[in-house]
Each structure stands twice: as structure tokens, then as C-alpha cells.
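Student: Could you walk me through this structure, one question at a time? I am new to it.

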Amino acid sequence: MKYQIRHLTRYRYAESVAYSQHDLHLLLRDLPQQHCLSTALEFIPSPSVCQERVDYFGNRATHVGVAVVHNEFVVTAQSRVEVLSSGGLAAESDLAWEAVAAEIVQPRGDLHIQEMSFASPFVALWQELRTYALPSFPVGQPMLKGCLELMACLFRDFTYDPRATSIATPLAEVFQKRRGVCQDFSHLMIACLRSLGLSARYVSGYLVTSPPAGQPRLLGADASHAWLSVFSRASVSWISTRPTTPSWATGTSPWPSVATLAT
């Protein structure tokens, strides 16, 4: 599937601004199941400084400085992206989760994979998370089956409630309330997987759905959305999952293709 994406960001200031600086993560990137055909930024007013770099996680980042007096700054990202089906899930279906965890700690020269198995400012780890996750990962449980069972538990035990949390709500509070939104559930599943020594990372992007006749669009559709990717093994690497509707983010899944902005 090919997508034409127009993403508009508008900053409005209460008073005139003589100089502003912005760090943007709006240019799409290539991923194993995503081919970026074109991506570009347009600015009003034009910046005096515009520098692009690739950050530590492999995302394309753009730093701009606007040196003219302005009350508004508009950034438009125009992109064309092709999202491909993944044939890798079948090959991973019988790999035990303990084998994946053992591979993560092996020296491989890719610190990013190992880093995604530790605690972070938004992903705290504590014993109760491991206790919650372990029933989905008994000894010898295939990695992907365990992930699906954990997603099913989160879907069963937690309620989607946009009024229950904010972007600053600690993960422990989400776990206690059993309520939240896509970013809460994504961080929670990441924490559960990391508590088992597995690597998982946060993904931000957009979800576009075409539901069957008479059925509503999925939660989070056509708006900024969050999910996660879990490391499977070196041959396939990262596989995306969506805990708000237990499924895999592949062309063969029951939920639609996605275009990620960052991982």
C-alpha cells in the first residue's frame, strides 16, 4: 500500500517573536516494512538555519532557526511512503522467548538492542510487572505467542480512558488504575517485556483504518498514535505490536498498515 501524507504543524505566539528554534522529527525513515519514496519539509516563514541529522535511534531530525520577526511558524511535511507486508512472522513463530532473551545479552555490537531491555525515564521496572507478565511466558513459550497472550491480558485488564491519564502520569499509576490510552498501554507492555529481559521500544506514528461496513474505526484511528516494537531475533529484528487491539503490525494482520514517524 502506498500513502500520500501531509502533516501540518502550526505554532502561534501571543506576542511577536524575533527568533525561534525548533527541533523537528517529521521526516519519514526507511524501515524493514516501510519504504520512504519521498519526504520533505516546507516552512512559513523560511528559516535562516536548517540542518538535518540522524539521531542516536536512527530517526531523521531537523533543526531550524527563524531569524525574522513572526507571530506564527508553520511546518508542513509532505511524504510518500510504501508499506510492505512482512513474511517474517511465520519464521519466528516457534522461537522460545528465553532464546531471544539470551541472544539480547550476547555481544553483537548493537548497543541499541541491549539498551531497549533496561529501565528508562518513561519505563520504570519493578517486580510486580514481571509477576504480571510471566503467566504469558511460561518456560519454552514461543516468543510471539507470549507477546500475543500478554497483549490479550492488557486488553482484558485495562480500560481505554482518555480522561484517566496525561502525558505526565507515571507508569506505576497507570498500572494501579488499570486505565489509560495508547501511549500508556504501549509503555506498560514495554515495561512488562523488559522485566523479562526482552527488548522493546516505543513507536509513534499514525493509524489509518478502513473498517467493515457498519463498524466503527479503531481507537486511535486517523490521529497521532502509539504502539511498540519487540525484538524477535537478528534474522527479523523488530516486529511491531499494538496492545490497544491485540495484533501484529504486518500486512497479514487484522489491523491496517501504518506509517511510522519515529521509533
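Tutor: Two terms come up at once: strands (E, at least two residues) and helices (H or I, at least four) are DSSP runs numbered from the N terminus, and two strands pair if DSSP finds at least two bridges between them. This is a predicted model, where local features need pLDDT of at least 70, side-chain atom pairs count only at pLDDT 80 or more, and totals for chains, interfaces and linings use all residues. Residues are numbered from 1 along each chain as its sequence is written, and side-chain values use heavy atoms, leaving out hydrogens and water.

Student: Which residue in β6 stands opposite Arg 12?

Tutor: Strand β1 spans 2-17. It pairs with β6, residues 70-83, in the antiparallel sense over 12 bridges. In β6, the residue opposite Arg 12 is Glu 72.

Student: What is the order of the strands in the open sheet?

Tutor: The sheet has three strands with antiparallel pairing. Its edge strands, β1 and β3 (34-44), each pair on one side only. The order is β1-β6-β3.

Student: Is Cys 147 buried or exposed?

Tutor: Buried means under 20% relative accessible area, exposed over 50%, and partly exposed in between (1.4 Å probe, protein chains only). Cys 147 has 0% relative accessibility, so Cys 147 counts as buried.

Student: How many degrees of arc do the buried residues of helix α2 cover?

Tutor: Helix α2 runs over residues 97-104, and its buried residues are Trp 97, Val 100, Ala 101 and Ile 104. They lie on the same side of α2, because the arc they cover around the axis is only 100 degrees. That arc is taken from the directions from the helix axis to the C-beta atoms, and its value is 100 degrees.
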